[in-house]
Amino acid sequence: MNEFLKLAQYPATWIAVTGVVYLLADKLYRLSRYFPLLNPVLVSVLLLIAILKITGVSYATYFAGAKPIHLLLGPATVALAIPLYLNLAKMKQYFIPVSIALLVGASVGIVSVFILGQWFGLSPMTILSFAPKSCTTPIAMALSQEHGGLPALTANAVIVAGIAGAAMAVPLFRLFRIQHEVAQGFALGLASHGVGTARAFQISDTAGAFAGLAMGFNGVVTALILPVLLATWYG
Amino acid sequence: MLYGLSVVFLALVSGEFLRQLFQLPIPAVVIGMLLLTAWCIVRRGVEPRVAYASEGLLRYLGILFVPAGVGLIELGDKLKSQGIAMLLTILISTMVTLLVTGVVLQFLLLRRKEKLNQRAAK
């Protein structure tokens, strides 16, 4: 056991373990033909938690080792500028309707968490962590950190929001007669980021393209309006 | 690769610089992303070396959330006592967001189409 404990302190160990676990989770996801509950991030998180529990290694030890992976999140978020730029051209065609839907949707995504969270008696810190849950994970985590939430809680809330939106979207669209594929895709990308975008591409290429557009711009709009809404709601 | 990565990191650092300078309540990564987008707009295109670096960073975006996500392990008690309330908050909020966005956009798109048709009829 002593030998193992030395290995747990060696930094490369946790980079390797995280990489292998993620590759396995990704393989499982592909084998299941992209079954939403087998989201590779969710499966990797649960598997790693199980590994840490079994081996008795602390989260602090794990995180110290896996930190180089975590640090790449910053530049990767900045790199989202490229798909965002490529989506700008699509925005031109429907500039006014899309801008209005974006502002309304982003606000509803945040304020509904304030209302529901208070109603269900969640702590202010949990509510803060959930407020950016419709954004793409890197932006949501950065916003959570910035405004005093818990990025770990946010990362998982974002995945749940993604899976839930992707699973509920088509029945909801049918029930409420949302038939326009631009509206369908845009709503999916705005409420459920990358997971919703993947689902939208199964509806049609147009739906997928507008989902990607909504995902990118929702991140920006949420970053801009969250401080304002927080100040108004809790000010 | 190094050129592209340097541009991305430079955008990130500039984002942090602007955040500190103007005390903005916006994460440096978001400002950096907007700066890089603006750079593409000014150049009227994506510099291929930057596109290459960005593809490399985004290809395995999922794994980058994992180390922070595992932090859930430290919230065991909170999840036990509030897990259901947390799950319901996220589920209902996502459903409402999805519906409101879809309904609003469809309404606006159909109204615009009607107006265009009316104009064409005249």
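Helix H11 (residues 181–203) of chain A gives the most to the lining of the largest pocket, with eight residues. The pocket has a volume of about 1200 Å³. This is a predicted model, in which local features need pLDDT of at least 70 and side-chain atom pairs count only at pLDDT 80 or more, while totals for chains, interfaces and linings use all residues. Residues are numbered from 1 along each chain as its sequence is written, chains are lettered from A and ligands numbered from 1 in the order in which they are written, and side-chain values use heavy atoms, with hydrogens and water left out.

**Largest pocket**

- A pocket is an open set of points on a 1 Å grid over the protein atoms alone, with protein on both sides within 12 Å along at least five of seven lines; lining residues have an atom within 4 Å of a point.
- Grid points are joined across faces, edges and corners, and a volume is the space filled by probe spheres set on the points.
- The lining holds 40 residues, and the closest to the pocket centre are Gly194(A), Val195(A), Thr197(A), Ala198(A) and Met215(A).
- By class, the pocket lining divides into 23 nonpolar, 12 polar and five charged residues. Nonpolar covers Ala, Val, Leu, Ile, Met, Phe, Trp, Tyr, Cys and Pro, charged covers Asp, Glu, Lys and Arg, and the others, Gly among them, are polar.

**Largest cavity**

- A search of the whole structure finds one cavity of 30 Å³ or more, a cavity being a set of points where a 1.4 Å probe fits but cannot get out.
- About 50 Å³ of space lies in the largest cavity. Its lining has 13 residues, of which Ala106(A), Gly109(A), Ser134(A), Asn218(A) and Thr222(A) are the closest to the centre.
- Helices H7 (95–119) and H12 (205–234) of chain A each supply at least two lining residues of this cavity, and H7(A) gives the most, with four. Helices are DSSP runs (H or I, at least four residues), numbered from the N terminus.
- The cavity lining is made up of six nonpolar, six polar and one charged residue.

**Helix packing**

- H7(A) also packs against helix H6 (residues 76–121) of chain B, at an angle of about 160° and with the axes 9 Å apart. Axes are lines fitted to C-alpha atoms, for helices over the stretch in contact, and angles run from 0 to 180 degrees between N-to-C directions.
- H7(A) and H6(B) are therefore roughly antiparallel (over 145 degrees).
- In chain B, the axes of helix H1 (residues 2–22) and H2(B) come within 7 Å and cross at roughly 120°. The pair is therefore oblique, the class left after angles under 35 degrees (roughly parallel), over 145 (roughly antiparallel) and 65 to 115 (roughly perpendicular).

**Positive phi**

- Most residues other than glycine have a negative phi.
- His193(A) is not a glycine, yet has a positive phi of about 35°. His193(A) lies in H11(A) and is buried, with a relative accessible area of 4% (buried is under 20%, exposed over 50%, partly exposed in between, with a 1.4 Å probe and protein chains only).
- Arg44(B), also not a glycine, has a positive phi of about 55°. Arg44(B) lies in the loop between helix H2 (28–43) and helix H3 (48–59) of chain B and is exposed, with a relative accessible area of 76%.
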